[in-house]
Amino acid sequence: MRDTWTQDQMIERFWSAANKGLEHEVIKNHSIDPKLLAIRLVAVHAASEQLGVALPPVYLLRKAVRRCPRFLRIRWVRGPKGTRAVSCWIFKALAAVE
């Protein structure tokens, strides 16, 4: 594990883990809006080891991700099939950023 992380490294690693997790369906996008990405930060962190991506501790990751330009808010979200509401970190979808 690393002892020191820069802001950019944390955000880069977070998106690496999130994108791999979404691609391999280890992490779920809870948003029904295609312009938004609603994911659970703890799910990304939990799946990171399985995905082969080293991440800093969750408390550091929370601080870094809040400063990410794609970050919008934290909100309770109900999934597309009416599943129970879960607390998600809401981001602009990559297609919406470009």
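## A tour of the sheet and its helices

Start with strand β1, residues 36–39, and strand β3: they pair in the antiparallel sense over 4 bridges. This is a predicted model. Zoom in on L36.

Now select residues 71–77. This is strand β2, which also pairs with β3 in the antiparallel sense, here over 6 bridges. F71 stands opposite F91 in β3. R73 stands opposite I90 in β3.

Show the three strands together. They form an open sheet in the order β1-β3-β2, with antiparallel pairing. β1 and β2 are the edge strands, and each pairs on one side only. Turn the view to look along the sheet. Neighbouring strands are turned by 30° against each other on average, direction ignored.

Which helix packs on this sheet, touching β1 and β3? Select α1, residues 7–23. α1 packs there, and its direction makes about 90° with that of β1.

Stay with β3 a moment and select residues 86–92. Is this strand mostly covered or uncovered? Mostly covered: 5 of its 7 residues are buried.

**Helix α3.** Next, select residues 58–66, which make up helix α3. Colour L61, A64 and V65: these residues are buried. Their arc around the axis is only 95°, which puts them on the same side of α3. An α-helix has 3.6 residues a turn, so residues three or four places apart point the same way.

What do the buried residues of α3 pack against? Show α1, α2 (residues 41–51), β2 and β3: the buried residues pack against these elements.

**Where α1 meets α3.** Hide the rest and keep these two helices. They pack at an angle of about 95°, and their axes are 9 Å apart. α1 and α3 are therefore roughly perpendicular to each other. Show the side chains at the contact. From α1 come Q7, M10, I11 and F14; from α3 come L60, L61, A64 and V65. Colour this contact by residue type. Its residues divide into 7 nonpolar, 1 polar and no charged.

End on L61, A64 and V65. These buried residues of α3 also take part in the contact with α1.

Conventions:
Residues are numbered from 1 along each chain as its sequence is written. This is a predicted model: local features need pLDDT of at least 70, side-chain atom pairs count only at pLDDT 80 or more; totals for chains, interfaces and linings use all residues. Side-chain values use heavy atoms; hydrogens and water are left out. Buried means under 20% relative accessible area, exposed over 50%, partly exposed in between (1.4 Å probe, protein chains only). Two strands pair if DSSP finds at least two bridges between them. The arc is that of the directions from the helix axis to the C-beta atoms. Contact means heavy atoms within 4.5 Å. Axes are lines fitted to C-alpha atoms, for helices over the stretch in contact, and angles run from 0 to 180 degrees between N-to-C directions. Angles under 35 degrees count as roughly parallel, over 145 as roughly antiparallel, 65 to 115 as roughly perpendicular and the rest as oblique. Ala, Val, Leu, Ile, Met, Phe, Trp, Tyr, Cys and Pro count as nonpolar, Asp, Glu, Lys and Arg as charged, and the others, Gly among them, as polar.
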